Amino acid sequence: MKVAIKHPIVIDGETKFPAGTELEARRPKAKDMVIIGDHIPTLSALDRENPESAVSGAVIRAMIAVVGTLTDIGEEAASEMDFEDLSIVAQTALSSLGEAQRGGEDETGEQQ
């Protein structure tokens, strides 16, 4: 699922991803799970209807790791995202994690 960001991602004064850029959270690979696996319990406790209610440093670090990894923009760019965009893209990325854990469809549309 693609999500268009509302705010540009600027790194060192340079716009890397302008507003309107569509980020797509892909299904995780095993190597992605090495990077984000320790963050899953933190994010599992997040209220998807009201993610701002549980904001903490640990939650933000987890969101940055998941978004940076599963959208392939990297953690540096994810850490420069507007929080509104980070929250929305993180929720999308978490959906892709759940799909992978349930054995959802692969790229061909076949059930796993």
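This note goes through the predicted model from overall layout to single residues.

1. Basis. The model is predicted: local features need pLDDT of at least 70, side-chain atom pairs count only at pLDDT 80 or more, and totals for chains, interfaces and linings use all residues. Residues are numbered from 1 along each chain as its sequence is written, and side-chain values use heavy atoms, without hydrogens and water.

2. Layout. The protein has five helices and four strands. Their order along the sequence is β-β-β-β-α-α-α-α-α. Both kinds of element are DSSP runs numbered from the N terminus (helices: H or I, at least four residues; strands: E, at least two).

3. Burial and surface. Of the 112 residues, 38% are buried. Buried means under 20% relative accessible area, exposed over 50%, and partly exposed in between (1.4 Å probe, protein chains only). The protein exposes about 6,400 Å², and carbon and sulfur atoms supply 48% of that. These areas come from the Shrake-Rupley method with a 1.4 Å probe.

4. Contact range. Take contacts (heavy atoms within 4.5 Å) between residues at least 6 apart in sequence. Of these, 50% join residues at least 24 apart.

5. Nonpolar core. The largest one has 27 residues. Such a core is a set of buried Ala, Val, Leu, Ile, Met, Phe, Trp, Tyr and Cys residues joined through side-chain atoms within 4.5 Å. β2 (9-11), α2 (40-44), α3 (57-70), α4 (74-79) and α5 (83-102) each supply at least two residues of this core. α3 gives the most, with eight. I9, L43, V67, I73, M81 and V89 have the most contacts inside the core. Beyond its neighbours within four places in sequence, M81 touches I5, I9, L23, V67, I73, L86 and V89.

6. D32. D32 sits in helix α1 (residues 30-36). D32 counts as buried because its relative accessibility is 3%. Its side chain makes a polar contact with the side chain of R26 at 2.5 Å. A polar contact is a pair of N or O atoms within 3.5 Å; within protein, one must be able to donate a hydrogen and the other to accept it, and residues adjacent in sequence count only if both atoms are side-chain atoms. A polar atom of the D32 side chain also lies 2.7 Å from the backbone nitrogen of K29. Outside four places in sequence, D32 is in contact with R26, R27, T69 and L70.

7. Positive phi. D12 has phi near 50 degrees and lies in the loop between β2 and β3 (14-17). D12 is exposed, at 77% relative accessible area. D72 has phi near 65 degrees and lies in the loop between α3 and α4. D72 counts as exposed, at 55%.
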